[in-house]
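Open the model in your viewer and keep the selection panel at hand.

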Amino acid sequence: MRVHGVDSCMSFQCKRGHICKADQQGKPHCVCQDPVTCPPAKLLDQVCGTDNQTYASSCHLFATKCRLEGTKKGHQLQLDYFGACKSIPVCTDFEVTQFPLRMRDWLKNILMQLYEANSEHAGYLNEKQRNKVKKIYLDEKRLLAGDHPIDLLLRDFKKNYHMYVYPVHWQFSELDQHPMDRVLTHSELAPLRASLVPMEHCITRFFEECDPNKDKHITLKEWGHCFGIKEDQSILSLLLQ
């Protein structure tokens, strides 16, 4: 509904799964979105909910969650990971100890890809970030991307430790956005976790163990400790970004 020619919902924000509707007086309100009104979804839009049900898209999941508000199922329903639901293996104690090795290497390689001049990633890194990544990129001792055995990743981390400090804390700062307070919440971790679960079944347990005091927040110190980064370098790396 319009009031004095202005759509009252135009600048009114609703959380996911809700849409804005104006009442008879033109006052905007948030109401649950009907899943059938979600945009047409493609196969790649599928997501898996914490109820182990596959939804056509995140829009369909959150619209369903909204319609279940006030129920236990609605409270518990969250987006678990991207893609159709599948059997996720249990992460063993041995596997979770190996996970930081692969994750550190993956983060380093992501930054290398972002640094390389191409139409897809050019301009993603700011000047300070590019200068930091350039030092790693041009280092002749850098382990190139590949499917490396764990023992090689461990040796390289010990030998070229300095190449892994910045990538680890670059990822922390990328996640620490709402708000930027040097603490990662569940919602800030969710996008990274949801994208990695289908490929890295230890990501959930890893994040849980990064929060040893179980306060549902991962500090910069805890994040660095999980990846084997020394605390003083954690702080310095972030401050110099």
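Select the charged side chains first: the protein has 31 positive and 30 negative ones, and the centres of the two sets lie 1 Å apart. Lys and Arg count as positive and Asp and Glu as negative, with His and the chain ends not counted; each charge is placed at NZ of Lys, CZ of Arg, CG of Asp or CD of Glu.

This is a predicted model, in which local features need pLDDT of at least 70, side-chain atom pairs count only at pLDDT 80 or more, and totals for chains, interfaces and linings use all residues. Residues are numbered from 1 along each chain as its sequence is written, and side-chain values use heavy atoms, with hydrogens and water left out.

Now switch to a cartoon view. Ten helices and nine strands make up the secondary structure; these are DSSP runs numbered from the N terminus, helices being H or I of at least four residues and strands E of at least two. The C-alpha atoms fill a box of roughly 70 × 40 × 35 Å along the principal axes. Of the 241 residues, 39% are buried (under 20% relative accessible area; exposed is over 50%, partly exposed in between, with a 1.4 Å probe and protein chains only).

Next, select the cysteines. The whole structure holds seven disulfides, each a pair of cysteine sulfur atoms within 2.5 Å.

**Stop 1: C32 and C66.** The sulfur atoms of C32 and C66 are 2.0 Å apart, and the link is left-handed, with -85° about the S-S bond. C32 is partly exposed at 32% relative accessible area, whereas C66 is buried at 3%.

**Stop 2: C48 and C85.** Here the S to S distance is 2.0 Å. The torsion about the S-S bond is about 100°, so this disulfide is right-handed. C48 sits in strand β5 (residues 47–49) and C85 in the loop between β7 (79–82) and α3 (93–115), 37 residues apart.

**Stop 3: C91 and C202.** A disulfide joins C91 to C202, S to S 1.9 Å, and is right-handed with 100° about the S-S bond. C91 is in the loop between β7 and α3, and C202 in the loop between α7 (186–196) and α8 (203–209), 111 residues apart. Both C91 and C202 are buried.
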